[in-house]
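Take a moment to look at the structure below. This report walks through a few of its strands and aromatic rings.

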Amino acid sequence: EYIDLKELLKPPVNNKKVIAFYRVLEDYFLLCKGQKKVWNAKFEQILPDNIQRTKRQQQKIINTLRIIKQYRLTNPITILRMLNTALIPQKEEISIKQLDILRAIINNPYLKLKDIRPKDIPPGTFYNMVRALKEKFVIRYWGILDPTRFKLVHYHITIRVNASKVHLLREAVEKSPFVLTLNIDTLTKIFDEYAGWMSFRVPNQKTIKERFLRWLLKLQKERIFKDETSWHLDEVTSIEYGINIDFFDGERWRLDEISVVRGFLHLAEKTSYTPSKPMTVQKYSYEEIDFDRDDLILATLYQSNYYTSLDSAVETLRKYGFKRSKKTVFKKVKRLKELCIKPAVSMYLNLPVTLLAFLENVRDIDTIRRFLGFMPRYWLYTMKDGDAAIFLQLPKDVVNEFKYLFSVGGKEGGENIYDDAIIIESVTSFGKQEKDELVQYWNKKRRRWEVSQDVFMI
C-alpha cells in the first residue's frame, strides 16, 4: 500500500522526543532532495546532516516509518528504538528492491515469476535478482493438500511420552503407513515425560478409524503414554499458512521482545486490522473426488513441489508401474490443483526456533488470526471441536515472551481467548513421511480403503 512521505513524517504520538526525532527526519529528507531544512532540529546527538543520504538509507528509514504507521505503534520507547536501529549503517547483503521482490513472491504463490516482475526492472536484471534470492533464502514452492478429497481424515495428536519409552513410540509410528509427523521436545522433561505431537492421515471409514483408535490405546497400555490424559486427539479441518517479512531487513528480525509482541496482541484484540493475510488457506471440504492410485501418487508429488515438471511426474508414475502420457498427466495435475492442492512458498528466513501452542476451546479465532498476521512465519490448524494448533517460527530473542503470552490465555486480564494452552519448544523430529505407502490400500473398483488388521500391530 502506497503511503505519502508527508503522512509518514507525522509523529504518531504526542511525545517531545518522538516529535524531535520526526523533525530531524523531515529535515533529512529535505536535504536528500537538495532543499533547505525547515526545523533545524536535533535529537540527542543525531543531526539530519550526519545521516547517510544513500538510497538504501532513505529506504530503510521510510520502511521503518511505514511499519510504525501501518502497525499503529504508539509506544515512544519502541518508536525511538526502531528509528535509531534504522540509522545504524549495515553491510548491504540484500537490496530494497530484492526485499520487494521477496515480498511479491510471498504474496503471490499462484503466480509464476514472470508475472510478478516490476515493469521498471529489465527481465535479465530481474531473473538475476531472483536467482540470488533463491540461493540466499532457499526458496521453494510446495502444496497444501486437502486429504478429505481422498477419503482421508487428518488427525493431530498432542502427547506426553514416557521418557524411557520414546524409542518404542518411534518404532510404532515408523511402521504406520498413515503417519505424517512425530515431534518430541526431548530437551524438557516434566515428571519423566516429554511433550510433543504427531499427525496422521487415516482412511475416513468407520472400521479403520476404530482400529486406529485402538492402536493408540495399545500405546497407552504399553505405558508409552501413562494414561488417557497423556494424549489428546483432534481432527484438523483447515490449515492457514503465512509469512510476514515487514520486520526483516534481509539479515535480522526487528521484533521487540516486550513492546512489539504484546502490542501486536493488543492491536489484534482492539481492532479489525490485519497487516498480512495468510499466504494459503486450505479448508477441508470432506467431498470425495473420483481418484485412482496414480492420482494419489501425483498429489503427493505436487505437494512436495507444486511446480514439478511433467517429465518428472511421468517418470515418477513409471517407477510405480503406471505408464501415462504427458497429456494425460497434464490433465490429471490440472484437475488435482483445481480441486485439492493449493500452492505455498517456503524459504529460509533465519528463524531458528519452532514453537507449538496447542490452544483448547478457542473462543475468539478471529483475534488469533489477526495476531498471527503480524508473525514472521506461522501455521494455524483449526480443529473440529474448537481447538487450534499454532506453529510459529521465531527469532530466539522473542521466544520467552510468546510462551508467556500463550500461557496466560492471550490476555493478562479479563476473559481469556481460550481455556488452556500446551506450549512445546525445541522439538526433535523423528521418522520419515512415507505417505506413498497409502497408495497400495486404495481399491478403485470398490471405492474404499482396504487396510488389514496387521497394519495396526505394535
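## A strand and its neighbours

In this predicted model, strand β5 pairs with strand β6 (residues 280-283) through four bridges, and the two run antiparallel. Within β6, Lys283 is the bridge partner of Ser238.

| Partner of β5 | Bridges | Direction | Facing residues |
|---|---|---|---|
| β2 (residues 152-162) | five | antiparallel | Thr158 and His232 |
| β6 (residues 280-283) | four | antiparallel | Ser238 and Lys283 |

How many of the 13 residues of β5 are buried? The count is 10, so this strand, residues 231-243, is largely enclosed by the rest of the structure.

Now let's turn to the rings. Across the whole structure, a search finds 23 aromatic pairs. One of them joins Phe200 and Trp215: their ring centres are 5.7 Å apart and their planes meet at 75°, so the pair is edge-to-face. Because Phe200 belongs to strand β4 (residues 193-203) and Trp215 to helix α8 (residues 206-221), the pair ties together parts that are 15 residues apart in sequence. Phe200 is buried, with a relative accessible area of 0%, and Trp215 counts as buried too, at 3%.

Elsewhere, Phe150, Phe291, Trp442 and Trp449 make up one aromatic cluster.

Some rings have a charged neighbour. The charged end of Lys337 sits over the ring of Tyr306, 4.0 Å from its centre. Lys136 lies over the face of Phe137, at 5.7 Å from the ring centre.

Methods. Residues numbered from 1 in each chain as written. Predicted model: local features only at pLDDT ≥ 70, side-chain atom pairs only at ≥ 80, totals over all residues. Heavy atoms only, no water. Buried < 20%, exposed > 50% of the residue type's maximum accessible area, 1.4 Å probe, protein only. Pairing = 2+ DSSP bridges. Phe/Tyr/Trp six-rings, centres within 6.5 Å; stacked < 30°, edge-to-face > 60°. Lys NZ or Arg CZ within 6 Å of the ring centre and 35° of its normal.
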